[in-house]
Amino acid sequence: MAEILIKNGFVIDPTRNIDGDVADIAIKDDRIAEQVGSGAKVIDARGKVVMAGGVDVHAHVAGPKVNVGRLMRPEDKLFKSPYAQESYRMESGFSIPSTFKTGYDYARMGYAFVMEAAMPPLHSPHVHEEIHDTPIIDQGALPVFANNWFVLEYLKNQEIENSASYVAWLLAATKGYGIKLVNPGGTAAWAWGLNCLTLNDTVPFFDITPAEIITGLMKTNEYLGLPHSIHIHQNSLGTPGNYGVTLDSLRLAEGMKAKNKFSRDTVMHSTHIQFHSYGGDSWGNFESKAREVMDYVNQQKNITVDLGCVTLDETTTMTADGPFEHHLTRLNHLKWANTDVELETAAGVVPYVYDKDIKVCGIQWAIGLELGLYAKDPMRTFITTDHPNAGPFIRYPRIIKWLMSRDAREETLASFKYSSKVIDATNLHAIETERNLYEIAQMTRAGPAKALGLSHMFGGLAPGMEANVVVYDLNYKDMPSDPEMIERAFSRARWFIKSGDIVVKDGDIASHGNKRTFWVNAKVKENPQVIRDIHEKFLKDYTVGLNNYPVWDSLAPNPYVINIDVEA
Amino acid sequence: MALVTLKPYKTPELYLECYNISPDVFAGKTSAEIAELDVREGKTTVKLGDFFEVKGNAGKTPEETEIRVSGDCSRIKYIGNKMTAGSITVDGNADMYLGGWMKGGKIHVLGNVHSFCGIAMEGGEILVDGNAENYVGCAYRGDWRGMRGGTIRIRGNAGNDIGTFMLGGTIIVEKNAFIHVSTHAEGGTVIIKGDVQGRVGGQMVKGDIYVLGAVQHMLPGFKKVGMTEREVDGMTAKFTHYIGDLGERHLKVKGKEVYANLYVMAA
Amino acid sequence: MPKWITQVGCPYCGSSCDDIEVLVSDDGKKILETRNACVIGNEIFHHVSSPDRPKKPRMRQPDGNFKEITYDEAVDYTAKTLLKSKKPLIYGFGSTNCEGMSAVARVAEKAGAVLDNCASICHGPSFLAIFDNGYPSCTLGEVKNRADVVLFWGCNPMHAHPRHTSRYSIFPRGFFTTKGQMQRTIICIDPRETDTAKLANIHLMIKQGHDYDLFDAFRTVLRGHDIPAEVAGIKKDQILEAVEKIKKGRFVMIFFGMGCCHTDGRNHNVDIAISLTRDINSHTKASIMAMRGHYNIAGPGQVWSWQFGFPYCLDLSKGTHAHMNPGETSSVDLAMRDEVDCFMNVGTDAGAHFPIDAIKHLKKRPFITVDPNICMASEISDLHIPVRVVGVEEPGIVYRMDNVPIQFKKVVDGPEGVPSDEELFDRIYERMCELTETEPIWLPSREHAKAPTAAEQ
């Protein structure tokens with residue numbers, strides 16, 4: 001690593017309110033610098049856009065459910081992955097790419113950090129093995145907590161301190177980053193073939209409700225002062241009329257205050273909100289409730305959301321929401337994998353074809369974009385596809401195209417078999433908003449970095465920050481009239497410098513970079529009860545020994561550990 | 001029609017993957033250009049001309065191109081891969097994936113074919129004078145979209161897994177078939193003119209199977225519903241009509257479940 | 001003082017027990033005693049100290065005898081042979097760690113090889129079924145804590161997985177199954193009266209080769225239809241009784257083994273068993289699991305799926321992309337058809353497991369074995385390269401039969417100079433790069449398998 005000077009590009013950096021100013025970005029080793037010497041490598045970015053590396057707040061890219069998806073879908077590879085770059089590893093798969101392809105494709109799009117959205121703790125060594133084999137990008141992983149026996153028991157008794165001690169222990173044991181909730185209580189119920197569809201359904205045996213789990217974990221999170229807020233996949237995902245449950249869950253954040261040292265001011269991240277903004281009471285009268293949901297998000301400043309946009313592809317759904325996947329396989333009759341994980345969680349996987357000529361798929365597509373267009377604060381609304389659930393992450397550039405160009409949206413909408421029915425059930429056709437590059441930078445970089453408590457490292461180009469800089473082939477002053485050019489530019493970065501390494505040049509991988517695994521080590525004072533509980537549960541209920549449970553350091557050989565001293 | 005003749009003159013050490021023996025690839029090419037086309041042997045890339053003597057120029061379009069392989073192709077995979085038009089005749093045997101992912105045109109094999117003949121076929125015709133190994137007209141691994149159209153006729157016997165995940169088209173086996181016919185099928189027609197050992201129509205959702213010989217072991221999920229006269233491949237006969245697989249899910253039309261049909265010729 | 005090491009993983013069967021206690025001699029070199037292991041597991045721990053163990057590569061000489069050679073010579077020969085071959089086959093991995101499987105994948109990619117594992121002749125049909133129908137499963141703790149109806153279909157854990165029934169499936173008292181065996185209904189489907197069948201409440205002595213028919217009957221009954229008076233040699237009443245027990249269960253678990261996936265019907269037997277599991281989930285909760293044979297035979301299925309997208313039978317010879325189609329790219333088929341021109345047998349014994357004809361075909365070309373021990377394959381090889389024993393002398397990740405990753409420790413040091421599978425394959429890869437004058441493709445932060453020390457824990 002050495003010095004690099006990216007000259008004369010149109011710089012877009014929402015963290016410093018810079019919107020298209022022509023400026024130079026200097027890099028010294030792995031940091032952005034004020035200036036560099038005359039010997040620096042010069043990259044000419046004249047007439048091109050310069051942004052910080054992208055930050056993905058939510059994608060399923062590593063771990064057991066991703067891999068069961070790969071394993072059970074040979075057809076996802078057939079004729080779909082012929083790309084191999086010389087001197088790099090072979091690349092495979094479309095909706096669930098191999099780890100190598102995952103790293104390469106994110107880098108080609110200029111992404112620097114990707115959060116694996118759901119880590120089953122028992123399987124955490126597997127998650128880290130895959131992260132290890134995903135080149136270039138920095139990654140973290142969120143362990144799932146909302147159906148974990150320890151957590152359910154502590155929260156039932158309102159023992160936030162015990163809950164916090166356990167969470168801290170598990171984060172360290174699994175090298176996890178924060179608190180993920182998936183279908184709180186519902187997945188625990190699924191172990192008996194049941195579900196929790198509203199916030200007040202009681203979880204079988206544990207005698208606690210989803211609302212209590214969400215509130216309890218929110219308190220736990222702020223007790224520990226973790227960098228990220230709780231990250232929730234709400235109950236009743238993907239069901240017509242679920243927006244009511246969605247709003248009820250979001251309201252639980254009212255009055256909650258963020259307490260942390262990472263300049264995070266939000267307390268809840270509600271993920272793939274598209275799947276939770278549904279009206280109607282059946283697939284027959286299914287309609288968009290994007291406006292209702294986004295109106296609330298706009299005024300409730302302590303929450304963030306990501307979109308989970310449908311991309312109209314054949315893809316693979318996968319989630320720790322076990323009962324949902326069972327519901328889905330009964331709808332589309334395609335193959336179904338399920339893994340219930342002892343004491344902790346579950347997961348399901350089902351292939352899904354978002355066919356643009358099916359009305360429901362068209363409506364889902366519109367809802368995702370509506371949410372992205374109704375958002376008043378792009379710093380709290382992030383672009384995702386809930387990869388691979390609503391579509392593969394390689395479609396982010398297409399989402400950006402749709403958000404930036406009404407023409408592109410209208411063209412897609414007009415190509416639907418049932419476009420008038422989709423128009424009737426949604427508002428998209430009437431929305432004229434077109435997002436600009438500054439807002440896109442907020443929604444893909446500055447915003448998610450802040451929500452993850454990483455705004456001091458990622459999402460901006462201020463001196464001292466990580467040297468993650470991407471140059472896109474877009475002229476800020478003369479944006480292309482053809483929206484396809486936008487998609488193309490964001491798909492293949494002209495240059496991408498990741499932590500000071502040139503990892504992409506002319507859209508191709510140029511280096512394996514120096515990927516890191518981010519995890520959070522929250523030090524709490526010793527809690528004998530929790531330690532005793534852990535020993536007891538491993539002795540009696542688990543089938544793996546406690547000694548063999550914590551992830552070895554050698555599995556995350558290049559860690560970036562965020563240490564927190566939790567005040568008693 | 002312009003005729004291109006390929007005469008094998010060298011046996012490969014291992015196996016050749018000849019994705020390029022197809023009217024779609026040959027169209028518009030001279031014999032010299034055709035001889036320069038790539039074929040794969042393991043990890044090595046060689047030329048079609050290294051193994052075949054190529055005579056004749058191809059037509060302008062696939063429709064106008066006729067390919068004749070005058071010799072044995074027991075070690076040649078992927079003949080007619082993804083072809084859309086034109087014709088191929090193989091004078092001897094052909095190896096795996098004959099007419100795989102085929103969309104149109106015609107293939108005639110005078111000898112036998114190995115497995116995966118007509119895999120995921122969408123249209124066109126395959127005629128095999130000899131026997132076929134396993135997986136005639138099947139789906140690629142994991143795909144729920146198997147054969148969707150076209151016709152495969154095997155004049156001899158066929159092995160197991162015929163028409164797995166079939167959605168449309170017709171497969172005719174003129175002699176006997178081994179086991180597993182139309183497993184998981186959701187459409188299409190399979191006609192076995194000889195006997196089948198068993199597992200006919202297992203997990204079948206929709207579609208038709210005709211057996212003109214005997215089914216040695218009927219599945220318990222198939223129920224006899226009556227006798228019927230049907231026309232099959234140009235002949236009319238009396239059949240015992242079964243519906244099934246009763247263990248499998250079925251689509252409902254107007255509240256009534258639609259089953260798959262198995263017709264076994266009455267003795 | 002000899003020292004007890006606890007919570008050690010056992011490198012034997014797919015149960016991958018990690019509660020073994022091993023007494024190690026003062027100098028940390030010899031295993032004196034084990035606790036908790038089954039007889040076979042115990043034997044594996046003691047076997048590493050066997051004086052007959054080869055500690056140097058052995059190369060076949062023109063006179064037919066083996067001669068000891070150096071590891072450098074063995075690495076050089078292997079690298080050259082792999083590079084020269086048009087389509088090498090690298091097979092095995094029943095008994096090594098995931099680090100080794102990852103390292104060999106790099107070699108296979110460079111060599112344009114076919115990469116296959118023991119599933120090819122074992123639970124391969126189960127993979128085919130998973131491709132077609134999915135895999136509604138769970139971890140073994142779910143079975144222990146919840147299952148009250150357990151089916152063993154074509155498997156005999158009492159012999160093949162000796163501690164399976166006591167740790168997970170029949171006897172243990174779990175969180176919701178506090179009465180252990182008393183609380184469980186055991187249904188065994190097997191043509192023989194095995195020791196597992198003897199433990200069953202219901203034993204359906206099925207006519208061999210008719211598993212598919214019986215599954216179809218179960219499904220037909222579950223959907224409320226009538227079935228013939230007898231299916232697969234089982235009377236209708238018995239089938240109805242079994243289905244009734246299943247419907248009344250709170251958590252139904254189906255374990256299946258070779259008797260299901262290697263009798264007539266093969267993948268279809270497993271496929272329809274998965275369909276049955278789906279059906280039962282409309283009535284109550286149900287899961288299904290393959291009784292995987294070796295302690296880490298689920299490992300290559302995981303590692304190669306994330307690296308290439310396929311669990312076995314990977315044809316990497318095409319250069320641009322991986323291709324998989326068992327029936328074509330499966331080891332025995334490749335051998336029988338003479339499709340490969342070099343064979344590498346790693347961490348298994350193809351000599352004992354493959355059909356003799358397949359071995360005869362493979363023996364026409366270079367034949368290399370990588371395995372800690374002398375086995376039938378090693379003795380017919382052109383080159384035998386011994387390596388350390390995973391789980392005893394080498395730590396690493398293994399995947400239990402339920403795909404739970406378990407971090408296996410090492411308990412003693414391996415013989416001096418003998419590399420791990422991972423180290424050996426990395427050396428072969430480096431040599432291949434030297435010979436082809438290409439840059440090796442390492443991901444940054446390369447580190448060989450390393451378990452934390454007791455102090456670090």
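Analyst: The contact between the two chains takes 27 residues from chain B and 30 residues from chain C. On the side of chain B that touches chain C, the residues divide into seven nonpolar, 13 polar and seven charged. Please keep in mind that this is a predicted model.

Let us stay with chain C for a while, as one of the two partners. Chain C is built with 18 helices and 22 strands. Its radius of gyration is 23 Å, and a compact globule of 457 residues would have a value near 23 Å, so the two agree. Taken along the principal axes, the C-alpha atoms of chain C fill a box of roughly 70 × 55 × 45 Å. Of the 457 residues in chain C, 63% are buried. If you take the contacts in chain C with a separation of 6 or more, 68% of them are accounted for by residues 24 or more positions apart.

Two packed helices are described by the angle between their axes and the distance between the axes. Helix α9 of chain C covers residues 211–222, helix α12 of chain C covers residues 267–280, and the two pack at an angle of about 15° with their axes 9 Å apart. Angles under 35 degrees count as roughly parallel, and α9(C) and α12(C) are therefore roughly parallel to each other. Their crossing is left-handed. From α9(C), the contact is made by C:D211, C:Y212, C:F215, C:D216, C:F218, C:R219 and C:L222. From α12(C), the residues that take part are C:H268, C:N269, C:I272, C:A273, C:S275, C:L276 and C:D279. Sorted by class, the residues of this contact are seven nonpolar, three polar and four charged.

Chain B, the other partner, has two backbone details to look at. One is the peptide bond from B:G244 to B:D245, which is cis with omega near -25°. You will find B:D245 in the loop between β19 (235–244) and β20 (252–253) of chain B. The other is B:A120, which has a positive phi of about 50° although it is not a glycine. B:A120 lies in the loop between β9 (106–109) and β10 (125–128) of chain B.

Now for chain A. Chain A has 17 helices and 24 strands. Its radius of gyration is 22 Å, close to the 24 Å that the globule rule gives for 568 residues, so chain A is as compact as a globular protein of that length. The C-alpha trace of chain A spans about 65 × 55 × 45 Å along its principal axes. Among the 568 residues of chain A, 65% count as buried. Of the contacts in chain A with a separation of 6 or more, 77% come from residues 24 or more positions apart.

Helix α9 (residues 290–299) of chain A packs with helix α11 (residues 359–374) of chain A at an angle of about 30°, and their axes are 9 Å apart. The crossing of α9(A) with α11(A) is right-handed. In this contact, A:A290, A:R291, A:V293 and A:M294 of α9(A) meet A:I367, A:E370, A:L371 and A:Y374 of α11(A). By class, six of these residues are nonpolar, none are polar and two are charged.

A:C196 sits in the loop between α6 (186–190) and α7 (210–224) of chain A. This cysteine counts as buried because it has 26 C-beta neighbours inside 10 Å. Leaving out residues up to four places away in sequence, A:C196 touches A:G185, A:G186, A:A189, A:D201, A:V203, A:P210 and A:N235.

A:D506 has a phi near 50°, a positive value in a residue other than glycine. A:D506 is placed in the loop between β21 (501–505) and β22 (508–509) of chain A, and it is exposed, with 10 other C-beta atoms within 10 Å. Finally, a cis peptide bond with omega of about -5° joins A:H387 and A:P388. A:P388 is in the loop between β18 (381–382) and α12 (396–404) of chain A.

Notes:
Residues are numbered from 1 along each chain as its sequence is written. Chains are lettered from A and ligands numbered from 1 in the order in which they are written. This is a predicted model: local features need pLDDT of at least 70, side-chain atom pairs count only at pLDDT 80 or more; totals for chains, interfaces and linings use all residues. Axes are lines fitted to C-alpha atoms, for helices over the stretch in contact, and angles run from 0 to 180 degrees between N-to-C directions. Helices (H or I, at least four residues) and strands (E, at least two) are DSSP runs, numbered from the N terminus. Angles under 35 degrees count as roughly parallel, over 145 as roughly antiparallel, 65 to 115 as roughly perpendicular and the rest as oblique. A crossing is left-handed if the near helix is turned anticlockwise from the far one by less than a right angle, and right-handed if clockwise. Two residues are in contact if their C-beta atoms, placed from the backbone, lie within 7 Å. Ala, Val, Leu, Ile, Met, Phe, Trp, Tyr, Cys and Pro count as nonpolar, Asp, Glu, Lys and Arg as charged, and the others, Gly among them, as polar. The radius of gyration is taken over C-alpha atoms; the globule rule is 2.2 Å times the number of residues to the power 0.38. A residue is buried if 20 or more other C-beta atoms lie within 10 Å of its own, exposed if 12 or fewer, and partly exposed in between; C-beta atoms are placed from the backbone.
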